[in-house]
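Please consider the model shown below.

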Amino acid sequence: MDYVTLNNGVEMPVLGFGVYQIPAEDTERAVSEALAAGYRLLDTAAAYANEEAVGRAIKSSGVPREDLFVTTKLWVQDAPAEQNARRAFETSLHKLGLDHVDLYLMHQPFGDVYGQWRAMETLHREGLAKAIGVSNFYPDRLVDLIVNNEVTPAVNQVEAHPFFQRADYQELMREHGVRIQSWGGFAEGRNDLFGNALLAGIGEEYGKSVAQVVLRWLTQRGVVAIPKSVRAERMAENLDVFDFRLTEEQMARIATLDTGASLFFDHRDPETVTWLAQRRLEA
Ligand code: NAP
């Protein structure tokens, strides 16, 4: 496994396991299998409603805590955000059965972002979140947060896959010391990603699948990836991407797949903002 170093010195595996849309009743098994396969970075969120199952799998795995990198996320909080964010964090920590998380992300750039961030800075200073970051922040919101606060986000987790590559944005993040992390690295299979001829052709040259080419392409760019699968054979396949290297020419060909647009939702679209901001989780 390769690691990246975050802006506060914390080491993070460049490839992990995401659990979005894994039903709570399947999550313990899936995470147990992922840990057995060798994953050490787990990505969950309060909004995924499966933190307890992730916690049970961690507990029964026998993997030392210091070998794990656990991420969870704060959902949009009502005011007073500083108090509510701390309560939400404590709920997540309790559900996970942990005494700290490695990365705590603000899930959406909505609500009282500044109050939420101040609470997260405090949790970081207290050692309860070894690193803090954001998710789904577009460039203007990210830079605004950076220039007006003390702690620069260590990570920005954004949609990034062959059809929405975010190369320019990655460069901006790099200039500010923010590590890009991809969600939906396979675009959840949209646009027939797994049947893409260009990606399949490159894979054939190495005896690798489309999924492996995509993960190699992301991690070789320094993008942290967190593919999700409920199938043990795919979990193993998705980890097996460190024994080949794409050439500059292959990277350039993959760059031609970029459409520059989201396949899911644009976080600057008023309808998306309304839809996401109206969602409230039980504390
Ligand atoms: P994804 O990883 O792009 O795609 C998952 C899909 O790919 C599933 O349908 C899975 O099916 C399939 N798959 C996995 N490995 C495969 C393989 N080797 N061959 C063929 N199909 C394969 O989608 P995602 O779950 O949306 O994104 C990954 C993670 O990012 C999430 O789990 C979550 O942790 C995070 N995320 C964050 C946000 C955010 O707002 N911050 C949003 C979305 C996701 P099977 O399960 O049946 O194998």
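A residue is called buried at under 20% relative accessible area, exposed at over 50% and partly exposed in between (1.4 Å probe, protein chains only). Ala49 is exposed, with a relative accessible area of 60%. The model is predicted: local features need pLDDT of at least 70 and side-chain atom pairs count only at pLDDT 80 or more, while totals for chains, interfaces and linings use all residues. Residues are numbered from 1 along each chain as its sequence is written, and side-chain values use heavy atoms, with hydrogens and water left out.

**Helix 1**

Helices (H or I, at least four residues) and strands (E, at least two) are DSSP runs numbered from the N terminus. Helix 1 comprises 14 residues (residues 24-37), which at 1.5 Å a residue should span 20 Å; its end C-alpha atoms are 20 Å apart, in agreement. The expected span is 1.5 Å times one less than the number of residues.

Thr27, Ala30, Val31, Ala34 and Leu35 are the buried residues of helix 1. They cover an arc of only 135° around the axis, which puts them on the same side of helix 1; the arc is taken from the directions from the helix axis to the C-beta atoms. An α-helix has 3.6 residues a turn, so residues three or four places apart point the same way. The buried residues of helix 1 pack against strand 3 (17-18), strand 4 (41-43), helix 2 (51-61) and helix 9 (232-239), where contact means heavy atoms within 4.5 Å. On the other side of helix 1, Glu25 and Ala36 are exposed. Helix 1 is followed by Gly38, with a positive phi near 120°.

**Ligand site**

Of the 27 residues around the ligand (a heavy atom within 4 Å), those that come nearest are Asp43, Glu188, Lys228, Ser229 and Arg234. The table gives polar contacts, defined as pairs of N or O atoms within 3.5 Å.

| Side chain | Ligand atom | Distance |
|---|---|---|
| Ser135 | nitrogen | 2.8 Å |
| Gln157 | nitrogen | 2.9 Å |
| Asn238 | nitrogen | 2.9 Å |

The protein covers 90% of the 910 Å² of accessible area that the ligand has on its own, by the Shrake-Rupley method with a 1.4 Å probe.

**Backbone geometry**

Most residues other than glycine have a negative phi, and most peptide bonds are trans. Gln21, in the loop between strand 3 and helix 1, has a positive phi of about 70°. Ala49, in the loop between strand 4 and helix 2, has a positive phi near 55°. A cis peptide bond, with omega about 0°, joins Ala79 and Pro80; Pro80 lies in the loop between strand 5 (69-74) and helix 3 (81-96).

Methods: A polar contact is a pair of N or O atoms within 3.5 Å; within protein, one must be able to donate a hydrogen and the other to accept it, and residues adjacent in sequence count only if both atoms are side-chain atoms.
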